[in-house]
Amino acid sequence: MKTRVYFGILLMVLLTMAGLSACDDHSDLVGAWDPMEWETDANVNIKKTHDISVPAEGGTYQFMCTNYSRVWMAGALEGEQYVIPEEGNFHSIVGQMSRVDVKENVMTVVILPNDADSARQVVVTPTAGDTFSSFTFKQAGR
C-alpha cells in the first residue's frame, strides 16, 4: 500500500515537473509589438510627441506608417467628444471637426476650418494589431 502511495506522489511530482518544463516562456509575445513609426512630408512639422499645429483654416495631413503594412482606426477624440469608426469600416472616421481615412499604411487626416474664436484639439488614434499611436492636432481659433 505504501508503495502505491509513494508511486502516486512520485508520478504527480514528475508530471508536474514535466508540465512546468514543457511550458515555453511566451512573455515575449505579450506587449512585444513594436511602436508604430511614422513619416510625413516636409511641410508638416511633426514633433516626436506627434503634436501638430493646425491653422484656423484647417488642413490636410498625410502620414505613412513605415513598419506596419495594415493600419486601421481605433477612434478620435474631438474636444471631449469621442468618435469611433462606423461598424465594419475601421478605415474611416467622420466627426464634427475632422475626417480620417486609412488605406493600407497611409493615414490622411482632414481638419475642418475652425470658425470659433477659441482653439480646439483633435486626437487621432490609429492602430495595427496590438500597438497604438496617437496624433494630437492643436488648431488655432480665428
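1. A contact here means heavy atoms within 4.5 Å. Among contacts in the protein chain between residues at least 6 apart in sequence, those joining residues at least 24 apart account for 59%. The model is a predicted one.

2. One helix and eleven strands are assigned in the protein chain.

3. Of the 142 residues in the protein chain, 32% are buried. The accessible surface of the chain is about 9700 Å², and carbon and sulfur atoms contribute 57% of that.

4. Strand β9 covers residues 120–128. Buried means under 20% relative accessible area; seven of the nine residues of β9 are buried, so the strand is largely enclosed by the rest of the structure.

5. Which strands pair with β9 in the antiparallel sense? Strand β4 (residues 72–78) runs antiparallel to β9 and is joined to it by six bridges. Strand β11 (residues 135–139) also pairs with β9 in the antiparallel sense, over five bridges. Strand β10 (residues 131–132) is another antiparallel partner of β9, with two bridges.

6. Val122 of β9 can be followed through two of these pairings. Val122 is the bridge partner of Glu78, and the bridge partner of Val122 in β11 is Phe137.

Note on methods. Residues numbered from 1 in each chain as written. Predicted model: local features only at pLDDT ≥ 70, side-chain atom pairs only at ≥ 80, totals over all residues. Heavy atoms only, no water. Helix = DSSP H or I, 4+ residues; strand = E, 2+ residues; numbered from the N terminus. Buried < 20%, exposed > 50% of the residue type's maximum accessible area, 1.4 Å probe, protein only. Areas by Shrake-Rupley, 256 points an atom, 1.4 Å probe, with all protein chains shown as cover. Pairing = 2+ DSSP bridges.
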